[in-house]
Amino acid sequence: MNHPLSLTPGNPYDRGDMISVVSIAKTLALHWRWAVAAFLVTFLPLLFLIYYQGDRYAYATIYKAAELAPGKTVLPLKGTEDFIRQHYADKIVRNLLEAQGLRKLPFTLDVTSSQESGLLFLHSVSSEKHAATIQKLHETIIQNTFENDTLFLENKKALLQRQVQEAREALTRLHETNPGSEVLAVRYMDKIWQAENQMAELRPGETLQQASRSLVRVSRKKKWILLCLISFGAGVMAPFCIELRKQIQIALEHEKATQPLP
């Protein structure tokens, strides 16, 4: 009885139907020129592109959000962050591209925040030639965020001022109509004190850092690794593509030769 893996005619496990390490090596050796050509054709343009971009630096803007009280921002920073991405950034970027005649931003734009510290961060990576554009973009986004914070802050301040004014008027009327009502008087005075204390804690937003460039350039390590992987992959695949094309041609010629004459 033959073993299931015995090399018999028609056996699906016959070595003729399997790709061995030797056959792979033979294919690479036979078409090594194609491997080198594919590697260079992929490697050289990408290498030029990396050097053409020049040294890249990180640019960071830090904005301290307006606060109702220490540690309590006027608006949740996560909401502000999402609003910038979905509304401010798209509109501002579109206007900036139209003004400078660009099709797309030549740099990245990331928006992050920290609710604990009340800080909003804008982060971009680009070469120095785009520093002015980054400065303008960051400044416009922060200015819109500041104006939005200020609007909410002024509304809150106006509400507190109205509460103080109403409490003082009520306290004045109380003294005129019922001067002996000390309980109500204390209540109104406490309301005035709380509102004034809240107004004293209001803090407007401010820019702590405006598109400051990092001292050290951004590492190209990841790009080099990606470049080598892509080029190596292209170099390895090219011989097999050539060999596949060759085998297809042989199969088509064999099929044509074995067809019966009409």
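Colleague: Which residue stands opposite Phe 121 in strand 5?
Modeller: Thr 112 does. Keep in mind that this is a predicted model.

Colleague: Okay. How do strand 4 and strand 5 pair, and over how many bridges?
Modeller: Their pairing is antiparallel, with five bridges. Strand 5 covers residues 119–127. Strand 4 covers residues 110–114.

Colleague: What sits between the strands in that hairpin?
Modeller: Four residues. In this hairpin, Gly 118 has a positive phi near 75°.

Colleague: And where is Ser 114 found?
Modeller: In strand 4. Its side chain makes a polar contact of 3.1 Å with the side chain of Ser 117.

Colleague: What else does Ser 114 touch, leaving out residues up to four places away in sequence?
Modeller: Leu 77, Leu 119 and Phe 121.

Colleague: Let's zoom out. What is the strand order in the open sheet?
Modeller: The order is 4-5-1-6. That makes four strands, with antiparallel pairing.

Colleague: Which strands stand at the edges?
Modeller: Strand 4 and strand 6, the latter being residues 206–213. Each has a single partner strand, so one side of each lacks a neighbour in the sheet.

Colleague: By how much are neighbouring strands of this sheet turned against each other?
Modeller: By 15° on average, ignoring direction.

Colleague: How many bridges join strand 1 and strand 6?
Modeller: Five, in the antiparallel sense. Strand 1 is residues 56–64.

Colleague: Switching to helices. How do the axes of helix 4 and helix 5 cross?
Modeller: At roughly 160°, and they come within 9 Å. Helix 4 is residues 131–177 and helix 5 is residues 182–201.

Colleague: So are they roughly parallel or roughly antiparallel?
Modeller: Roughly antiparallel, because angles over 145 degrees count that way. The crossing of helix 4 past helix 5 is left-handed.

Colleague: Which residues make the contact?
Modeller: On helix 4, they include Leu 160, Val 164, Ala 167 and Leu 171. On helix 5, Leu 184, Tyr 188, Ile 192 and Met 199 are among them.

Colleague: How does that contact split by class?
Modeller: It has 13 nonpolar, three polar and five charged residues.

Colleague: One last spot. Where does Leu 105 lie?
Modeller: In the loop between helix 3, residues 77–100, and strand 4.

Colleague: What does Leu 105 touch, again not counting residues up to four places away in sequence?
Modeller: Val 93, Leu 96, Leu 97 and Leu 137.

Colleague: And how far apart are Leu 105 and His 130?
Modeller: They are 25 residues apart in sequence. In space they are 9.6 Å apart, C-alpha to C-alpha.

Methods
Residues numbered from 1 in each chain as written. Predicted model: local features only at pLDDT ≥ 70, side-chain atom pairs only at ≥ 80, totals over all residues. Heavy atoms only, no water. Helix = DSSP H or I, 4+ residues; strand = E, 2+ residues; numbered from the N terminus. Polar contact = N/O pair within 3.5 Å; in protein donor to acceptor, adjacent residues only side chain to side chain. Contact = heavy atoms within 4.5 Å. Pairing = 2+ DSSP bridges. Axes fitted to C-alpha atoms, helices over the stretch in contact; angles between N-to-C directions. Parallel < 35°, antiparallel > 145°, perpendicular 65-115°, else oblique. Left-handed = near helix turned anticlockwise from the far one by under 90°. Nonpolar A, V, L, I, M, F, W, Y, C, P; charged D, E, K, R; others polar.
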